[in-house]
Amino acid sequence: MKNITSKVLLKNILWPLVGLGIFLTTWYIAASIINLEMILPSPVESFRRLFLLFEKSYFWQAVLGTLTRSLISFCISFVIASALSIISFVFEPIKKILSPLVVLLRSVPTMSIILISLIWFKNAVAPMVISAIITFPILYSGFSSSLQEIDPKIVEMSDFYRVPFFRKLFNLFLPYVGPSSLTTIQSGLSFNVKLIIAAEVLASTTQSMGRYMQVSKVYLDTAELLGWTIMAILLSYFLEFVIVVIKRMIIRWK
Amino acid sequence: MYLKNINKKYGNIDIFNNFNLFIPDNKITIVLGDSGVGKTTLLNIISHNTEFQGEIVDNIPRTFSAVFSEQRLLKNLTVYENLDYILKHRIQDKIERRTLISKKLETLEILDKINDYPSTLSTGIGQRVALARAFLYPSNIIIMDEPFRGLDIGIKARLIKLFYNMWMEEKQTVIMVTHDVNEALLMADKIVIIGNSPAMIKYETSVIGAQNERNLSEDIYKNYYSEIVSTFLQT
Amino acid sequence: MKKLVFIVSLLLIISIPLILLEGCIPKEEQSEITEINISVPDGAPALAIAKMLKENSQFEGYNISYSIITGGSTAINAAVNNNLVDILIAPTNLGAILYNRLKGSKDIKLIANVFNSLLYIVGKDSSVESLEQLKGKIVYTIGEGATPDLTFQYILDQKEIMYRVTDDPSDDEIGIQYESDASVLLPKLNSGLVEYAILGEPAVTKTINSFGCYELFSLNDLWNEVTETTEGFPQASFFAIGDILQPEHKDLLNWFDENSMDNVDWVNNNPTLAQETLEDNGWATPVPLNTELISRCNMEYISAEQAKNSITSYLSVLFEMNPISVGGSLPSDDFYYQG
């Protein structure tokens, strides 16, 4: 038994690390060839900058700011998307009304939304608005298809036995849509972070990662820029990891 | 319960046209028929789950329980929780529920599975839980739609035996639909065969042996068996 | 063991194409360059080559192309990185940053200062007469870390006025906020969402004519006030990059020097013609040019030798505030082109 576990562990950690290693090695080689930090800093330098940033309080304030904005805008999107997807699932006419609107939101070019929002909203608010608008159709579609997957026979049985709505909601709907919804949430969340940072760059939002990325661009300080970028990647990984843990906790019956 | 002058259409097709049926209280009525003739629709009509023209005359207001051909258990809930799921809103007292559930599971000889998840249960055991569910729910008529479909003969026999053990306690009105002549002969107080389109009763009888012992003698069995089969052959 | 071999061979396979690539990166060109590009950013800087654009001024032995770059500092950096430009107008401090960053790879030298500050603070409240009155208010500027931001902060420091980057300043401080682009800032100025902003000409004139704003301060004047000089600060300069700095092109650079000085006079005397020319060449800031507007742009061609002092003190000021704003260290003397 112990043998099997350590082998599995090895497989799950070793190979991904190899992949990561190949990536870093390639980066290192490419940077040495180009040999101009302004164009491509070496990974060593970028990580060094990151560690220097760790000591600065403005770094953590910015990361917190970006994270907070991400979570707030995501929650807003999530609440609206789940409410609407449940309502459309139950009431067919609502589903038909919403359908063209969702398609519209999905097709509008991201840049248009960003540029218009920057004009309409304050710098602190614009990134959140942008992110909420763009993430919403993704979540809505994901939740809607999760709901479609509920076995109608079980719903029929519940109705037969006159199970009250809230019990159906908590014991039937939520657990059944849970796992696939979490997958939707997982991709929605990391996409959200990326979008927020992009918007922050343009809006120069105070206490945001995007703002400092923009400044390092102005000063042609590519190493600093990559340091922040690495942090953004770590942030994304962290959020995905949290969702995966939640997923594991919920799927105890499989 | 009397079904009087039932008319039911699906699009342009008449399923039932002036259909009449009497379902005696506290007896097991079994409806036999080929696929597609309207057996499930009949159950839906009885349980008010579909629209129809005509009348259902009844002497008491009905609450329904059902056993389906699939288990229809929530995979995220244990056996106990599944039963609780449909019971909670009818019986408020938790202790009372727990006692009732335990007793029923005991009658069905699956008390040891009380905390297991449906995915770990075999089909036979799962269907026992479905039976328990139907009997636990405080109802005065149980509707069964081919509940033993696809099961091995051994498992089926066991299930029918356990079904009786439970039914004997309160002798609810049961209306069941099936393909299987053997099931009908073993279980029914009354057998109805429907066929043709629109569906009509082609054969109707009370099964005497069943009423007394649920253990048909050879003769009666053979007697009814040949009658039923010939009815089918005439279709 | 098998796995180790596998990993090592995988790494080798990845590195081989990269090593081969190194051979493909172009080495310094030995051949004679006859293709030259002179580029300026969109906006007021385009005025500096208006005459040359009109006449498509050429010098013997060279094929000179002129371009107006739209797309802000990103586009400028891209042009520099891709070796697309030989002579360029850029913010003076950006030149210093490039000097530091390109060291060892490419040469860049300042050949002349061409613009003093053309930045002004505008707002709808014409009663504002001193910077102190802006306390508790928010001033917007374009681009954090760019020239307007840096010089404004310096001025406030010298005047000992407190400021903070915030959208909620207390009554003792001036709040600073950033926008990425004039296209975002101007509508907000118009609608009143933004009360005060630092803008450059010709956008300033546009807000005065169309949005009902007033010019409240000139950054040049403020700078002169706190530094006790009269010249203002050297905002933008001509830079020469790369091979064009080789001795064989000395004549071209001399020619350019003379031509540019003529250009200043010509633009001042022919504003309408200048505007036409620029618009034909993709100028994207349509405000009618007149002599007054041109004078507010503070265009003045001063070659590197003469401008050296004022530029050095300007860069020192920036360096003191934040060394990274000039690229980490003050450029040494070879930053200035010795004609």
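Predicted model: local features only at pLDDT ≥ 70, side-chain atom pairs only at ≥ 80, totals over all residues.

Colleague: Start with the interface of chain C and chain A. How many residues are in contact there?

Modeller: Begin with the residues on either side, then go to the area. Here 40 residues of chain C are in contact with 30 residues of chain A. The area buried between chain C and chain A is about 3000 Å², and carbon and sulfur atoms give 64% of that area.

Colleague: How many salt bridges does the rule find across the interface of chain C and chain A?

Modeller: A salt bridge is read from the gap between a side-chain nitrogen of Lys or Arg and a carboxyl oxygen of Asp or Glu, with a cut-off of 4 Å. Across the interface of chain C and chain A, the rule finds 3 salt bridges. One of them joins the side chains of E144(C) and R211(A), at 2.7 Å from N to O. As for polar contact, the count between chain C and chain A is 9 residue pairs.

Colleague: Which elements supply the side of chain C that touches chain A?

Modeller: At least two residues each come from α1 (2-24), α3 (72-81), α4 (92-101), β8 (173-179) and α6 (182-191) of chain C. The most come from α1(C), which gives 9 residues. By class, this side of chain C has 20 nonpolar, 13 polar and 7 charged residues.

Colleague: α4(C) is on that list. How many of its residues are buried?

Modeller: For burial, compare each residue with the cut-off: under 20% relative accessible area is buried. In α4(C), 10 of its 10 residues are buried. Among them are T92(C), L94(C), Y99(C) and R101(C).

Colleague: What about salt bridges within a chain?

Modeller: The structure holds 29 salt bridges over all chains. In one of them, the side chains of E200(A) and R69(A) meet at 2.9 Å, N to O. E200(A) is in helix α8 (residues 165-203) and R69(A) in helix α3 (residues 57-90) of chain A, 131 residues apart. Both E200(A) and R69(A) are buried.

Colleague: Which parts does the pair of R62(B) and D25(B) tie together?

Modeller: The side chains of R62(B) and D25(B) meet in a salt bridge at 2.7 Å, N to O. R62(B) lies in the loop between β4 (53-57) and β5 (64-67), and D25(B) in the loop between β2 (13-22) and β3 (28-32) of chain B, so the pair ties together parts 37 residues apart in sequence. R62(B) is buried, with a relative accessible area of 15%, whereas D25(B), with 25%, is partly exposed.

Colleague: Are K156(B) and E183(B) buried or exposed?

Modeller: K156(B) is buried, with a relative accessible area of 11%, and E183(B) is buried, with 3%. K156(B) forms a salt bridge with E183(B), their closest N and O atoms being 3.0 Å apart. K156(B) is in helix α5 (residues 153-170) and E183(B) in helix α6 (residues 181-187) of chain B, so the pair ties together parts 27 residues apart in sequence.

Colleague: Last, how do I read the pairing of β1(B) and β2(B)?

Modeller: Take the direction of the strands, then the turn. Strand β1 (residues 2-10) of chain B and β2(B) run antiparallel and are joined by 6 bridges. K9(B) stands opposite D14(B) in β2(B). The hairpin has 2 residues between the strands, and G11(B) takes a positive phi near 70°.

Key
Residues numbered from 1 in each chain as written. Chains lettered and ligands numbered in written order. Heavy atoms only, no water. Contact = heavy atoms within 4.5 Å. Buried area = accessible area lost by both parts, 1.4 Å probe. Polar contact = N/O pair within 3.5 Å; in protein donor to acceptor, adjacent residues only side chain to side chain. Helix = DSSP H or I, 4+ residues; strand = E, 2+ residues; numbered from the N terminus. Nonpolar A, V, L, I, M, F, W, Y, C, P; charged D, E, K, R; others polar. Buried < 20%, exposed > 50% of the residue type's maximum accessible area, 1.4 Å probe, protein only. Pairing = 2+ DSSP bridges.
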